[in-house]
Amino acid sequence: MGVNGVTSTNSAADLYGTYNTTSPKTAEKTETANTNDKNTTGVVYEPSKNTNSASKKPEKVYRQNTALVNKLKADSDARIAQMKSLVEQMISKQGKTLGQADSIWSFLASGDFTVDPATKAQAQKDIAEDGYWGVEQTSSRIVDFATALTGGDPDQIEKMRAAFEKGFKKATGTWGKDLPDISQQTYKAVMEKFDKLAEQANKTVDSDFE
């Protein structure tokens with residue numbers, strides 16, 4: 001498999017910057033996570049403010065997992081910088097230069113280049129089933145990032161899904177045509193993971209009324 005597959009993961013980078021706001025409702029109940037607490041799950045329980053309902057279950061308060069958000073961003077930035085450097089070295093060896101920042105993606109999408117053995121080997125490793133840019137790892141990072149941003153608030157699942165779709169469309173526009181097959185597979189995997197989150201949230205709601 002050529003380098004086209006791995007570079008299509010530009011979509012993952014776009015997604016990290018897409019879901020960066022919360023609704024007023026969420027903002028009222030969202031607090032900054034303690035970055036020193038490595039065991040935080042993003043969900044805490046606090047007594048309900050409604051003192052007239054003593055039997056009511058404690059209200060769930062969802063906190064943004066700031067430590068995880070920052071970690072995922074830093075890791076992604078480093079990996080993307082590494083990937084761009086690899087591609088730029090390959091291009092320079094062929095006597096070609098790039099003008100604007102996004103032209104690297106349109107250049108790769110054109111397929112008008114040859115891939116040297118070292119670059120091809122690295123790309124194949126990165127997009128392998130167990131690779132950093134493989135379908136499973138990439139889809140899991142995207143969902144983990146979205147969940148960390150919202151503190152796991154089930155009311156935000158559809159907003160997270162919409163943010164992902166927006167990021168995917170943006171990446172497709174940058175690429176200039178339909179993204180490679182590995183990106184389509186990643187899209188499907190992310191949507192399935194959001195479906196599972198929604199299913200789990202519905203089960204939790206149903207159990208609260210039992």
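In the predicted model, residues 15-51 have a pLDDT that stays under 50, and the model holds 65 contacts beyond four places in sequence for this stretch. Residues 1-13 likewise have a pLDDT below 50. Where pLDDT is low, the predicted coordinates should not be read in detail. Across the protein, the pLDDT averages 75, and 66% of the residues reach a score of at least 70.

The secondary structure of the protein consists of nine helices and two strands. Read from the N terminus, the elements follow the order α-α-α-β-β-α-α-α-α-α-α. Of the 210 residues in the protein, 39% are buried. When contacts between residues at least 6 apart in sequence are considered, 72% of them join residues at least 24 apart.

One helix pair was examined in terms of its packing geometry. Two packed helices are described by the angle between their axes and the distance between the axes. Helix H4, which spans residues 66-93, packs against helix H7, which spans residues 135-150, at an angle of about 145°. The axes of H4 and H7 lie 8 Å apart, and the crossing of the two helices is left-handed. On the side of H4, the contact is made by Leu68, Val69, Leu72 and Lys73. H7 contributes Arg141, Asp144, Phe145, Ala148 and Leu149 to the contact. Classified by residue type, the contact of H4 with H7 comprises six nonpolar and three charged residues, with no polar residues.

Leu72 and Arg141 are 69 residues apart in sequence, while their C-alpha atoms are 7.5 Å apart in space.

The largest nonpolar core contains 30 residues. Within this core, Leu108, Phe164 and Phe194 have the most contacts. Two or more residues are given to the core by each of H4, helix H5 (103-110), H7, helix H8 (157-175) and helix H9 (181-208). Once neighbours within four places in sequence are set aside, Phe194 is in contact with Val143, Ala146, Ile157, Met160, Arg161 and Phe164.

Thr138 is found in helix H7. Its relative accessible area is 2%, and Thr138 is accordingly classed as buried. The C-alpha atom of Thr138 is separated by 9.2 Å from that of Ala189, although the two residues are 51 residues apart along the chain. Ser183 has its place in helix H9. Ser183 is also buried, with a relative accessible area of 3%. Along the chain, Ser183 and Trp133 are 50 residues apart, and a distance of 9.7 Å separates their C-alpha atoms.

Lys60 belongs to strand E2, which covers residues 59-62. With a relative accessible area of 27%, Lys60 lies between the limits of 20% and 50% and is therefore partly exposed. Lys60 and Asp153 are 93 residues apart along the chain, and their C-alpha atoms are separated by 8.9 Å.

Notes. Residues numbered from 1 in each chain as written. Predicted model: local features only at pLDDT ≥ 70, side-chain atom pairs only at ≥ 80, totals over all residues. Heavy atoms only, no water. Axes fitted to C-alpha atoms, helices over the stretch in contact; angles between N-to-C directions. Helix = DSSP H or I, 4+ residues; strand = E, 2+ residues; numbered from the N terminus. Left-handed = near helix turned anticlockwise from the far one by under 90°. Contact = heavy atoms within 4.5 Å. Nonpolar A, V, L, I, M, F, W, Y, C, P; charged D, E, K, R; others polar. pLDDT = per-residue confidence, 0-100. Core = buried A, V, L, I, M, F, W, Y, C linked by side-chain atoms within 4.5 Å. Buried < 20%, exposed > 50% of the residue type's maximum accessible area, 1.4 Å probe, protein only.
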